[in-house]
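Dear colleague,

Please find below the structure that I am handing over to you. My notes on it follow directly after.

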Amino acid sequence: MHWKRVNQLSSNNTILRVSVPPQYFSDDNVRKLNWSISFAFMIPLGWGVFVFGMSAALVIAVCVAGALLTELFCSRMFRKASIGDGQAFQIGLLLAILMPPGVALHVPLIAAIAAVASKWVFGGTASGLFNPVCFAWGIVFLAWPDLMTAFVNPFDHSLVQDSFTLTRQYLVSGNVVLANPMDMIQGISTALPSALDLQVSSALNSGVFQTFATVLPPGYVDPIVGFGVQTVGGASGLILMLVSIWLMYRELSGWQAPLGMFFSAFLIIYLFGGLPFGMGFARGDVLFFVFKSTFLTVMFLLAGVYGLAPFNARGQLVFGLLTGTISAILLIFGLNMFAPLGAFFVSGLTVWVIERTFRNRSRFATKLVNQ
Amino acid sequence: MRHKTFFWGGVVPRNNKQKTINLSSRNAEIPRTVFIPFQGNGQDQALALVKVGDKVKEGQAIASNGAKPPVLVHASIPGVVKDIRQAKLFDGTVSWGVELEFEGDFTLTGTSVSTRDWHSTNPERLIDIIREMGVIGMGGEGVPTYEKLLKATAKKTGRLIVNAMESEPYRTSDARILAEKPQEILQGIEILAKILGFPAIKVAINESFLDSTKGFRDLFHRRQDIQIHYLHDTYPQGDERLLIQSLFARDLPTDDNVINHNFVIFNVSTVFAIYEAVVLSRPLIDRLVTITGSAIQTPSNLKVRIGTPLSAILEDCGGLKFVPDRIVVGGLMRGTSTRDLDLPITAEIGFVMAMAKEEIHDAPVSDCTRCGKCVRSCPVGLEPIRLLRLAQHGQLEQARKEGLMECSACGICSYVCPAHIPLGNVIMRSKANALEKGEPVELK
């Protein structure tokens, strides 16, 4: 349609909109942000389904469905259309990443309900003391530590039957006896390494490590390549790292928190990690603790993602250092594969303190004149 | 080639300078009537030097700003004084001004004028000429140029910066001046150099003008006294403090004029106006304006007479293709949107845009997701989301401690916020409240 001369718009027209500056906005919005992060989360989850089979798929489905249904219920109750912004879906996926693949299905369901409900109760993901996912994970971990540590070996696809049986038994008779969570590391370390792991370890030993008079024990390659005994989303360190790089590239995640976490954990584990095993000071096996726990999941996926960490760079670095320190201490002296998640849960409580203590300073304040 | 920029924050906004950067400027049609506001948003009717019914020539002084000595305002067209009245300006203020109806012949435009030999004129006289010709800052600040020069000449040494960054998106009027009037800009810079006597002169140009400013660049080849710096096209690179940070790696306080730190910055349009005033004895009666946006029939760079109504320049560009969502004046990031098409173009306005809804990417406000984009983008290093929360809770004293008063109102925090929270607006209102009553600010 060719218009319409300008004078047809009278001076007191109400067609044109009037607004405060800025007059236009970046094409980012919450919906786009959430779906981008959700897309990133789907990659390790997809691998989890490949490695752990239908049991992992069931956990993901329950987490996502639980989160979406709770969001639908809350949005109806509060009369606010929010289901399409992708936040509930993202919460569901993130919870699924942190769940063990063999968990009884009422656990992810309750976690999903708790996460979304807490989001609404606190007035949004950014408003509460806890991040909703941290909050929900903490609740179910404290309530069912035995079920939350029901890890399985990769490619043990028979578990789909067991998930239902386990759920029924647990809910009806309550007589299920599971492993003590403190036995986790020991349990994982006795899991048999894959043929690929053995081949690669042997090749690396003869090609590289022999030169430095050291040996890479079997079982260290699996967690990197993707056959780690882990949570649904944490089986592959490599995928977690690639996803993290993509998130950083898309500016959906910062590098400061992962770096801080890696640095502090590396230092503490190296210095004190040997003590529980009678190996003495500065003899810690960093790779053992990092690969055999949820450390990589927390470092690559949780610590840096905006919304979970403090909002300024300095705060993120401090947050990473703190999470790494607590992770290392819990790993060394607690011997629990979920120690990094626990550390993330605890340090999540300090975010508001970190934000206030390590806040940005104006670059153009009078005191900053550097003449 | 990687070009320098400031150290902290900033954004590269969606931009479409390409739409108008290669369009040669042309003279806008002479409007039937103009409304010329008094300088400094004049609050006094008595500032007028003419009365209703008087005939005025093109370039004749019609008002002063009341200062001693006064900065004069000139008739942008020949005509008859139809009214002396108040009218709203683009920044929302109301100013007295003179309404002229076009009549008579042009005495400045289209006639051969003798050029002034400014080399043999002393600096004091040059400053006086600039004052008489009504030259004011055309980068948006509107401060009389002679006042700035007087302050700067009191300094024994300093640095002169010519600002051709034009970091506001879509805007290309400064780029066209550089491309079309390189000799004139060079002379303008030399006039300023003579007045100020500063040894070091830097010209900061937006890197996206690299191709269009080749002629300008060639002029400065082998000149030791004037350096050209192409800076990264990051918003708000054109801000005085960020420009100094980029060029000299120095942070200057917001509560002090940069002149007190021996820096003098002039917009390139102002430099051109100085050239016209000194060499051609032509007062500030017109300026180059970029008119763009998807609703504009023919986007253009127009040389517009001061006081021309907005509707006239939109008509000059072939009218509108469709009813725009909003018409923006001044700049996308800091400018205002208006419904008033009788709004006069003043010397500070270099940009008009008629925007379609799709160009705006507006959305309803949602809850903060703690993404921290506002914090990472703030060029001053503030935490806008924290300032917003403090403002909402009425803790303005704490907000002051955390840098509320240092906010430069660049609007980046609102631009980047994916939740579309009007952070910038709340912070600006908080600043005003902090100075007055200290009341909490509502989010709206």
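Helix H5 (residues 182-196) and helix H8 (residues 268-279) of chain B are roughly perpendicular to each other, a label given to angles of 65 to 115 degrees. Their axes lie 8 Å apart and cross at about 80°; each axis is a line fitted to the C-alpha atoms over the stretch in contact, and angles run from 0 to 180 degrees between N-to-C directions. Helices here are DSSP runs of H or I with at least four residues, and strands are runs of E with at least two, numbered from the N terminus.

On the H5(B) side, the residues that meet H8(B) include B:Ile185, B:Ile189 and B:Leu192, and those of H8(B) include B:Phe272, B:Ile274 and B:Val278. The residues of this contact divide into 11 nonpolar, 2 polar and 1 charged. Contact means C-beta atoms, placed from the backbone, within 7 Å. Ala, Val, Leu, Ile, Met, Phe, Trp, Tyr, Cys and Pro count as nonpolar, Asp, Glu, Lys and Arg as charged, and the others, Gly among them, as polar.

The model is predicted: local features need pLDDT of at least 70, side-chain atom pairs count only at pLDDT 80 or more, and totals for chains, interfaces and linings use all residues. Residues are numbered from 1 along each chain as its sequence is written, while chains are lettered from A and ligands numbered from 1 in the order in which they are written.

B:Ile274 and B:Val278 are also among the residues touched by B:Ile130, not counting those up to four places away in sequence. B:Ile130 is itself one of the residues that touch the most other members of the largest nonpolar core, which has 234 residues. Such a core joins buried Ala, Val, Leu, Ile, Met, Phe, Trp, Tyr and Cys residues through C-beta atoms within 7 Å. A residue is buried with 20 or more other C-beta atoms within 10 Å of its own, exposed with 12 or fewer, and partly exposed in between.

Also in chain B, 4 of the 5 residues of strand E2 (residues 33-37) are buried. E2(B) pairs with strand E7 (residues 94-102) in the antiparallel sense over 5 bridges; pairing requires at least two DSSP bridges.

Chain A has 16 helices and 0 strands, and 49% of its 371 residues are buried. A:Leu238, in helix H10 (residues 237-249), counts as partly exposed because it has 13 C-beta neighbours inside 10 Å.

The contact between the chains takes 46 residues from chain A and 66 residues from chain B.

Key: Two residues are in contact if their C-beta atoms, placed from the backbone, lie within 7 Å. Angles under 35 degrees count as roughly parallel, over 145 as roughly antiparallel, 65 to 115 as roughly perpendicular and the rest as oblique.
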